[in-house]
Structures are given as C-alpha cells and as structure tokens.
Amino acid sequence: CIAVWGVQVFVHRRQHFVYVSQWYILAAIFWLPWLYMIAQIMILYFPARGVTQSLTNWWFAHNVLGLWLSPIGLAAAYYFIPKVLGKPIHSYYLSVLGFWSLALFYNWAGVHHLIGGPLPVWMVTAGIVGSVMMVIPVIVTAVNHHLTVVGSFKQVWASPTLRFIVFGAMSYTLASLIGSLMAIRDVNEITHFTHFTVGHAHHGVYAFFTMVMFGSIYFMMPRLLKREWPSAALIKIHFWSCSVGITVMVVALSIGGWIQGLEMNNPEITFIETVRNTIPWLQARAVSGVMLTVGHIAFGLNFAWMLVGFFGASEKKGPTLLSQDA
C-alpha cells in the first residue's frame, strides 16, 4: 500500500526533475515487496529444499539492510545534508554512479555469509565479488557527502539534525567497508560464527540507519508542529549517549569477536575457555546498552514534552491546520 501511494505521488509530481533522494526511495519501495514475497514463499509457504533455504534466508536478511534500510537512510542523508547546509550536493554524477552500483552489486552480497557451506563454489564466489565491489558505491557516496560538508563543519555541529545524520553517514561508510573485508575468505574464517558479525550488524542498522532516522525526526517535528524542541540539553544527552554507546558496542564486539575467532580456530584452546574470554567484551556491550537506553529515554522525554506542549497550545488557541486535516 505504501508503494502504491508513493508511486502515485511520484507520477503526479509538480516538478519534472527527480532528485537523488527520490531514486533511492522509489527503488526501496519496489525492492522491499520483491524481497519479502520471495522470502515468504521460499521459506514459509512453499519451502525450498536443503541448503537453498539458508541461501534464501541470507539473501533476504542481507538485502533488507542493503536494499531497504540503506536506500532509505541514504535518501535521508542526501536530502538533509544539502537542505540544512543550504547548498547543493557536491556532484550529481557521483550520485548516479553510487545509486546504480548499489543496485547492481548489493543483491549478491549476502551469500558471503555462507562461505564454507555446502553450496556451489561459483555461487559463493559471486557473493564475495558482489560484496567486494560494494566498495565502489560506498566510497563514491562518502566522497559526495564529505565534499558537500567541507567548509561547513561548524554548521554540522550546531545542527541536531546534521549531528545525527553525519554520524550515521560516516558509520555507513565504515560498516560497509568492514563488510567488504568480511567477505574475503581469509577474514571470514576468523569472523564467522563470532560476536564480530553481531557487532557488524549493529554497526549497519543502528549506527547508520537508526542515527539517520533520529536526525530526520529532529528536522521534521518542529516543522510539523511549528514548535521548537523543548530541551537542547536532552538533545545533547541523546546524541552523546547513543553515539558513544553504539561506538562502545561495535568496538567491543569487533575486538572480542576477532579474538574469539582466533581462539576458536586454535585446537589447543578449549571451547569453554573461548566462551569465558568473551565475557569482558560482553560486559562492555552491556554498558553500551545502558548508554543507549539513557539516550532513548532522553529522546522519548523530549518527544513527549513537545507533543504535550503542542496539544496544550492547540486546546487554548482552538483548531490548528494539523488537527483540521486529521
């Protein structure tokens, strides 16, 4: 339903020019139903046999991040960075290259998680190639965003929206490059079946996508409600708690997972020893979880405070445009 209305809005747009954010959003609303329907059919309703189920599972799980969450996050970054800074994106042509290379290569990437599994070698190799080639759209996008921000770093720091979005955009670059490295067989032998993979997943979904969405909300809410955020202090608490918290989590799980992988590959170290050695890193993850919770509570309080103030003012002044539309 969302896709249908999204396409209707696009078809009846007033301006003929299509901005890069619209490419990503339109692609995402086509990709998600395709991914979801195939996964539902091949895993649940008419299950594929044998290892094909694992292949379908990783294809679906990886592409939900790469062809649904990533395009939405990149669309927001491409829109809000130039919008808040008041200047155009650095290069339209780099945007084109980044979009089409993402569409071409990411679809193959999930298969690299099955290195060593009972799958045809060509299939796994194709997944590895697709993952490594993802370096192209990632570097192109990073360069485009960075050169757009150059000379405006003070504005980035002053804007709650850009603080979150730039942090998310940087996380996208780093998480994606690490993902390409994890596809290389020699690296995968160490990181597979470890906490490294868990940290990498949080790096992409939270440090990139969630932080970009937080930044988007900070931009949209004042314009929807025609009110400023009630507390700048809560915004700072939210940003620092979440940015430091997710950084601690990713670093702890990455280092701990790498050590875990090396020990699991060492026949002289028992499995229970390896498990015990991961405890300090998991304790660090617990600390990071507390920090994220503090950030989320700060955001929730600020959000609720803003809504309460809006509805309180609406009752005193009478109906607003927003309430009339509702």
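Q: Suppose buried means under 20% relative accessible area, exposed over 50%, and partly exposed in between (1.4 Å probe, protein chains only). Is C242 buried or exposed?

A: C242 is buried, with a relative accessible area of 0%. Before we go on, a word on the model: it is predicted, so local features need pLDDT of at least 70 and side-chain atom pairs count only at pLDDT 80 or more, while totals for chains, interfaces and linings use all residues. Residues are numbered from 1 along each chain as its sequence is written, and side-chain values use heavy atoms, with hydrogens and water left out.

Q: How many disulfides does a search of the whole structure find?

A: A disulfide is a covalent bond between the sulfur atoms of two cysteines. The search looks for a pair of cysteine sulfur atoms within 2.5 Å. Here it finds zero in the whole structure.

Q: Okay, now the inside. Which residues touch the most other members of the largest nonpolar core?

A: A nonpolar core is a set of buried Ala, Val, Leu, Ile, Met, Phe, Trp, Tyr and Cys residues joined through side-chain atoms within 4.5 Å. The largest one here has 38 residues, and Y24, I81, L102, M134 and Y172 touch the most other members. Two or more residues come from each of α2, α3 (51-85), α4 (92-109), α6 (135-149), α8 (160-182) and α10 (195-225). The largest share belongs to α3, with twelve residues. Those labels are DSSP runs numbered from the N terminus: helices are H or I, at least four residues, and strands are E, at least two.

Q: What does M134 contact, leaving aside neighbours within four places in sequence?

A: Contact means heavy atoms within 4.5 Å. With those neighbours set aside, M134 meets L102, F105, Y106, Y172 and S180. Besides this core there is a second, separate one of 21 residues, including F164, A207, Y218 and L253.

Q: Last topic, backbone angles. What is the phi of F193?

A: F193 has a positive phi of about 65 degrees, although F193 is not a glycine. Find F193 in the loop between α9 (185-191) and α10. F193 counts as exposed, at 67% relative accessibility. K226 is another residue other than glycine with a positive phi, near 55 degrees. You'll find K226 in the loop between α10 and α11 (232-264). With a relative accessible area of 69%, K226 is exposed.
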